[in-house]
Amino acid sequence: MLSRKIIVSILSLVAAIAVIDPCAVDAKKNRDVPHPHSGVLKPYQPGAFDLKLDSSDEKCLEAGKPVMKQSTPKDGEVGGGAICVQDVDAPREAVWSQILDYDKYKGKVAKVNEAKNYVVRKNSDGTSTVKTKMVLGVLPGYSYTAFYDHTLHPKQNSVVWTLDYEKTSDFDDVAGHWHVEEHPTKPGCTRLFYACDIKLAGAVPKPIVNILSKSALKTATSWVKKNSEQTPEMTAPSTTFGFGF
């Protein structure tokens, strides 16, 4: 559920976050009231990331390791965003089957204590919307609840998401993007791209964010690689979402 502005693994901020952000332990919060705002982070656009991989990147990917890259800044942006690239020895359909199976994130994704879709619909423009509640465990007794609004773009081979601003989440804001491509040289394999920005509701020391950001991105793609390669025969849930990947 990482930075153009702040990329951080909530799963790794442990006691520092729990102390700084008391809302993380407020189990009685009314989640059905609107979020305090309708977005402060710039949402990602679906489609391929604007970045280039060199020979050393390709060698790292060939060895099964993730690669961290910086995207080219768009007009008006100071700098591009941090992106994790990962090669997966499984077809795109198997990769999508893992990413889109939000209800099953518990048990697959570290520290996800709860994951449940509460809205699933196909839109008239060919996209699909999936809204998911997720609870991330930080420490025993401490957790973050967030409501995500995913938009699935089959033609662009992408999923982008923000918070569902009709509900109250413990994060101040989130903006993310998965992009899945056929591997450029290995038939039947996939190249996976991931970025996600999180703005916390409260001050977090920048040194902690800087130290953990790259590790968080790498971890985000590793579970997809592992599960996709274990079940390469899986296909995207087209029956549920009306996908045409």
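This is a predicted model: local features need pLDDT of at least 70, side-chain atom pairs count only at pLDDT 80 or more; totals for chains, interfaces and linings use all residues.
Local features need pLDDT of at least 70, side-chain atom pairs count only at pLDDT 80 or more, and totals for chains, interfaces and linings use all residues. Residues are numbered from 1 along each chain as its sequence is written, and side-chain values use heavy atoms, with hydrogens and water left out.

Start with the largest nonpolar core. A nonpolar core is a set of buried Ala, Val, Leu, Ile, Met, Phe, Trp, Tyr and Cys residues joined through side-chain atoms within 4.5 Å. Buried means under 20% relative accessible area (1.4 Å probe, protein chains only). This core has 36 residues, and I99, Y105, Y148 and F171 touch the most other members. At least two residues each come from several elements, including helix 3 (92-99), strand 3 (112-122) and strand 5 (142-153). Strand 8 gives the most, with 5 residues.

Helices (H or I, at least four residues) and strands (E, at least two) are DSSP runs, numbered from the N terminus.

Now take strand 6, residues 158-163. Of its 6 residues, 6 are buried. Strand 6 pairs with strand 7 (residues 171-182) in the antiparallel sense, over 5 bridges. Pairing requires that DSSP finds at least two bridges between the strands. V159 has W178 of strand 7 as its bridge partner.

S228 is buried, because its relative accessible area is 0%. Beyond its neighbours within four places in sequence, S228 is in contact (heavy atoms within 4.5 Å) with V88, A90, A94, V95 and Q98.

How values were computed
Buried means under 20% relative accessible area, exposed over 50%, partly exposed in between (1.4 Å probe, protein chains only).
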